[in-house]
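Opening the notebook on a new model today. I want to go from the overall fold down to single residues and jot down whatever I look up.

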Amino acid sequence: MLQLHYSRRTLRFNFPARTSRGALSEHVAWYLHLTDTQRPGLVGLGEAAPLAGLSPDHRPDFEPQLAAVCAALNRAALPADTAAELVLELVPPEWPALRFGLETALLDLHNGGERVLFENEFSRGEAGVPINGLIWMGDAAFMRAQIRKKLTEGYSCLKLKIGSLDFATELQLLAEIRAEAGPSELTLRVDANGAFAPAEALGKLEQLARFDLHSIEQPIRAGQWAAMADVCRHSPVPVALDEELIGVTEPARQAALLSETRPAYIILKPTLVGGMAAALEWWQLAEEHGISWWLTSALESNIGLNAISQLAGEYALPNFPQGLGTGKLYHNNLEAPLHIRQGHLHFDPLGGWQLPVPGQLE
């Protein structure tokens, strides 16, 4: 029978991770330890790491909700082969990070508790997943140092967080990058995290367009569908929706969002949209509307990052960079056999893991 317990780890950033919503210095990850009483010693691991200022379930009662889910599942005495859909009925959709953690733990348990969730070239260590190098917000010198480092490390796609410096400085940084590498050598993405006002967005996008950008994520704040539709329709830079998807869980409303806004891309973050199955449902809906997509982590530790990376290895388009370069953000991350080489994330199936301890609250 299935039994569920949890542990906690406070992850500490190597630097203040700045977004347009403020700076983060630490991030709490909750680990779900799922076991089967018929197979002692076998553990499926999942991670629920709601993100401050963004996740619907980043709230003071997260731990009581997690404890209640554990108690309900343990009382239910479900057999280990219970379908994931039935297990996830224990978690309401307004708790997306918790749904992702439970779904991942169940998939890991079903696959032998070895953190190999999908059988594909990535999980076998035969091929890496291309990723974008993430350039965090900061002063101009900090961002220039990151850019030089990522270019030296062989990335062919960079993503810049914009919206915290004055716009002229951000344009200058993009000009410097393009002076080093043209669009045939380097793909450039930018992420505004909703920083532009609707009235100024198209004017700023006109200025950004001269740098041959691949896309801009969430140029205006989420929840303004009509304004976003106007931006998507007229922007000279392809628009990707990110925060816009959070909390939109009903299929009819999801379809209405995509039909009205018509973005070029959507960004799928399993922690924020309710898990891997939920991300795949968004993907299928996007394809019906002629919209492309990619996967991105949401600052999880290596447990969650591994799950999303293996999902990318299973479903992502070949040679299309995903947003998975977050494994080195923390100085106390759990060690995992994930490695970045020449702008690709690789998994070593023979590598070792540092696993969380059930019941440990760090």
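By contact I mean heavy atoms within 4.5 Å. This is a predicted model, so I keep that in mind throughout. With that cut-off, residues 24 or more positions apart account for 71% of the contacts in the protein with a separation of 6 or more.

**Overall fold**

I looked up the secondary structure and got 11 helices and 13 strands. Then I checked the extent of the C-alpha trace, which spans about 60 × 45 × 35 Å along the principal axes of the protein. What would a compact globule with 362 residues have as its radius of gyration? The rule gives a value near 21 Å, and the protein has 20 Å, so the two agree. On burial, I find that 55% of the 362 residues count as buried.

**Cysteines**

How many disulfides does a search of the whole structure find? I get zero. I looked at C157 next: the nearest cysteine sulfur belongs to C232 and is 19 Å away. A disulfide needs the two sulfurs within 2.5 Å, so that distance rules the pair out. C232 is likewise in no disulfide, with the sulfur of C157 as its nearest. Buried or exposed, I asked of C157? C157 counts as buried because its relative accessibility is 1%, under the 20% limit. C232 is buried too, at a relative accessible area of 14%.

**Helix pair α7 and α8**

I noted the geometry: the axes of α7 (residues 225-234) and α8 (residues 251-261) come within 8 Å and cross at roughly 45 degrees. That angle makes α7 oblique to α8. I then listed who makes the contact.

I stayed with M228, which sits in helix α7. M228 counts as buried because its relative accessibility is 0%. Leaving out residues up to four places away in sequence, M228 touches Q218, P219, I220, V239, L241, E244 and T261.

**Two asparagines with positive phi**

Next I went through backbone angles. N193 has phi near 50 degrees, a positive value in a residue other than glycine. N319 also has a positive phi, near 65 degrees. Where does N193 lie? I find N193 in the loop between β7 (187-191) and α6 (198-208), and N319 in the loop between α11 (302-315) and β12 (338-341). Their burial I checked one by one: N193 is buried, with a relative accessible area of 8%, whereas N319 is exposed at 70%.

S123 lies in the loop between α3 (96-110) and β4 (129-130). S123 counts as buried because its relative accessibility is 3%. Which residues is S123 in contact with, leaving aside neighbours within four places in sequence? My list reads V116, F118, Q310, F347 and P349.

G274 is in another loop, the one between α9 (270-273) and α10 (276-288). G274 is buried, with a relative accessible area of 8%. Beyond four places in sequence, G274 touches P96, R99 and F100.

**Strand residue P16**

Last entry: P16, found in strand β1 (residues 2-19). P16 counts as exposed because its relative accessibility is 54%, over the 50% limit. Not counting residues up to four places away in sequence, P16 touches A23 and L24. From P16 to Q38 I noted 22 residues in sequence and 45 Å in space, C-alpha to C-alpha.

Key
Residues numbered from 1 in each chain as written. Predicted model: local features only at pLDDT ≥ 70, side-chain atom pairs only at ≥ 80, totals over all residues. Heavy atoms only, no water. Buried < 20%, exposed > 50% of the residue type's maximum accessible area, 1.4 Å probe, protein only. Axes fitted to C-alpha atoms, helices over the stretch in contact; angles between N-to-C directions. Helix = DSSP H or I, 4+ residues; strand = E, 2+ residues; numbered from the N terminus. Parallel < 35°, antiparallel > 145°, perpendicular 65-115°, else oblique. Rg over C-alpha atoms; globule rule 2.2 N^0.38 Å.
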